[in-house]
Amino acid sequence: MRPIDPRLREELPGFQKYLVTLGVLGALTAVAILVQAELLAGLLTEPATGTAALLGGAILGRAALTWVASAIADRYTTKVKATLRKRVLARSLQTRDAGSTATLVTRGIDGVHGYFAEYLPKLVGSVVIPLAVLARLLTADLVAGLTVAVTLPLIPVFAALVGAHTRARTERQWRLLSTLGGHFLDVVTGLPTLKVFGRAQAQAETVRKMADAHASATMRTLRVAFLSALVLELVATLSVALVAVPVGLRLLDGGLDAQTALVILLLAPEAYLPLRAAGAKFHASAEGLAVLEEVRTLPQAQPEGSARPKLGEIRFEGVTVRYPERDHNALSNVDLTIRAGERLVLVGPSGSGKSTLLAVLLGFVRPTAGRVLVDGVDLRELDLTAWRAQLAWVPQRPTMFPGSLADNISLGAEGDVEAAAEAAGIDFSRATGISSGQRQRVGLARAFLRPRAGLLLLDEPTAHLDTTTEAAILRTAAKLAEGRTAVLVAHRPAMTALATRVVELRHGKLQENA
Ligand code: ADP
Ligand code: MG
């Protein structure tokens with residue numbers, strides 16, 4: 001068995017209270033078990049209606065305790081899941097790693113059910129109940145008590161041996177599942193492109209292989225789990241036999257009275273039961289712990305500052321960004337000053353860190369090293385909502401939401417949607433299906449609806465467009481950039497026509513003389 005991680009106390013509200021409640025319920029259950037055994041032994045040696053009624057009460061009481069415990073466990077687990085989901089979503093806003101977040105929020109978080117609702121109650125019970133039973137056995141008969149005291153620790157020892165093995169397997173299993181989730185999401189989002197290039201079949205093959213690997217890993221984990229349950233069952237059964245056989249012999253000899261012998265025989269299995277139950281839930285808990293660890297290692301959401309931003313000069317000082325689990329920097333020691341009113345065009349091959357630089361400006365990604373100063377104030381100290389109010393951002397692929405075109409442009413903002421749509425060249429009459437060009441225009445129209453934004457950020461607005469559409473979008477971009485500072489990411493040379501300055505990124509490094 002594994003001890004309870006002390007970090008949980010700080011991480012989860014009400015965790016301590018939950019453990020205490022489980023402890024109290026465990027103690028009450030122990031009392032019910034002792035009373036029940038006593039009454040049953042009494043009833044068997046000396047039948048009486050009074051004893052029978054009391055026994056019925058004890059059994060009902062024990063059942064009620066089980067019911068209350070499981071209701072409390074379920075309620076607490078639901079709360080834990082909600083807390084964890086909120087935490088994951090809040091942090092994923094910074095990392096943009098949608099695939100594994102999706103797996104974690106949906107399938108993954110549910111994995112903690114086994115730990116909080118099943119394993120923990122059994123674990124607490126497996127401490128309280130055996131101790132109470134053992135105490136009663138020692139007072140009833142020293143030999144029987146000592147036999148139980150010696151064999152009882154065998155169960156956790158065997159459980160730990162098997163469990164160490166299970167845990168490694170479950171963790172591997174979990175990693176496999178989240179890779180699968182990430183890959184699946186990537187494939188689905190990229191399906192249109194894959195179809196165009198005739199690669200959809202090859203990807204289907206990859207997904208199938210990964211799913212097969214996952215299925216056989218699941219079977220292996222289950223095999224280990226069943227085997228471990230069997231081992232614990234065997235140890236417990238043999239131990240009870242070790243107690244029962246001598247008691248039986250001594251009863252025949254007359255060395256023990258029937259009442260005591262019955263109490264011992266009824267209580268001995270009860271000592272092993274909670275430990276076996278906890279052991280059986282051990283593998284179920286492993287997935288929950290793996291999930292908790294996963295949540296812990298998500299990038300921390302740093303607290304944001306409250307300073308009011310003023311858009312003047314923006315200065316990157318030695319900005320380095322490395323995404324989690326990447327072996328190279330997305331940005332390396334970037335020094336760059338963007339002067340007010342400048343139209344900076346950022347060029348460079350795909351993967352050179354252009355979008356990352358915009359993400360840093362947007363406050364989506366925090367520099368791993370270095371800092372960004374906005375008019376002398378570190379971006380970290382700014383109130384992000386107020387800062388983003390100053391930004392008009394057109395991402396590489398503007399996200400479309402279910403709803404009308406007008407709703408998609410306004411996104412709930414005030415303003416003249418029609419004028420913005422017209423400025424962006426959106427044709428409302430061609431409402432069926434949204435082409436890449438139309439989608440880019442929706443992104444641009446959204447930017448037009450933010451007249452107070454002083455900084456325009458455009459990410460490859462013409463990457464997937466034909467040259468006529470490109471020319472139209474460029475004219476729109478020029479209109480948008482008027483009277484603002486602009487950072488324009490360009491894939492093709494056409495956009496450099498708008499630039500007052502061009503800088504180039506290569507492998508995350510700024511090229512000096514671009
Ligand atoms: P560009 O926009 O110039 O194509 P990006 O800034 O998107 O380049 O990417 C720079 C590098 O960082 C690439 O190696 C890319 O794979 C990596 N990268 C970008 N976004 C993430 C992310 N969310 N997680 C991990 N790596 C990322
Ligand atoms: Mg990009």
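Helix 5 (residues 113-140) and helix 10 (residues 258-280) have axes that come within 8 Å and cross at roughly 160°. The model is predicted: local features need pLDDT of at least 70, side-chain atom pairs count only at pLDDT 80 or more, and totals for chains, interfaces and linings use all residues. Residues are numbered from 1 along each chain as its sequence is written, chains are lettered from A and ligands numbered from 1 in the order written, and side-chain values use heavy atoms, without hydrogens or water.

**Helix 5 and helix 10**

- The two helices are therefore roughly antiparallel to each other, a term for angles over 145 degrees.
- Axes are lines fitted to C-alpha atoms over the stretch in contact, with angles from 0 to 180 degrees between N-to-C directions.
- The crossing of helix 5 and helix 10 is left-handed; that is, the near helix is turned anticlockwise from the far one by less than a right angle.
- Helix 5 makes the contact (heavy atoms within 4.5 Å) with residues including Y119, L123, I129, V133 and L137.
- Helix 10 contributes residues including V263, I264, L267, P274 and L275.
- By class, the contact has 16 nonpolar, 3 polar and 3 charged residues.
- Nonpolar covers Ala, Val, Leu, Ile, Met, Phe, Trp, Tyr, Cys and Pro; charged covers Asp, Glu, Lys and Arg; the others, Gly among them, are polar.

**Magnesium site**

- The magnesium ion (ligand 2) has S355 (OG) and Q396 (OE1) as protein donors, 2.0 to 2.6 Å from it.
- Donors are N, O and S atoms within 2.8 Å of the metal (3.2 Å for Na, K and Ca); water is not among the atoms, so sites may look incomplete.
- The pair links distant parts of the chain, 41 residues apart: S355 lies in helix 12 (residues 354-362), Q396 in the loop between strand 6 (391-394) and helix 14 (405-410).
- S355 is partly exposed at 21% relative accessible area, and Q396 is partly exposed at 32%.
- Buried means under 20% relative accessible area, exposed over 50%, and partly exposed in between (1.4 Å probe, protein chains only).

**S410**

- S410 is in helix 14 and is buried, with a relative accessible area of 14%.
- Not counting residues up to four places away in sequence, S410 touches V417 and L449.

**Whole chain**

- The protein chain has 17 helices and 10 strands.
- Helices (H or I, at least four residues) and strands (E, at least two) are DSSP runs, numbered from the N terminus.
- Of its 514 residues, 44% count as buried.
- Among contacts between residues at least 6 apart in sequence, 78% join residues at least 24 apart.

Methods. Parallel < 35°, antiparallel > 145°, perpendicular 65-115°, else oblique.
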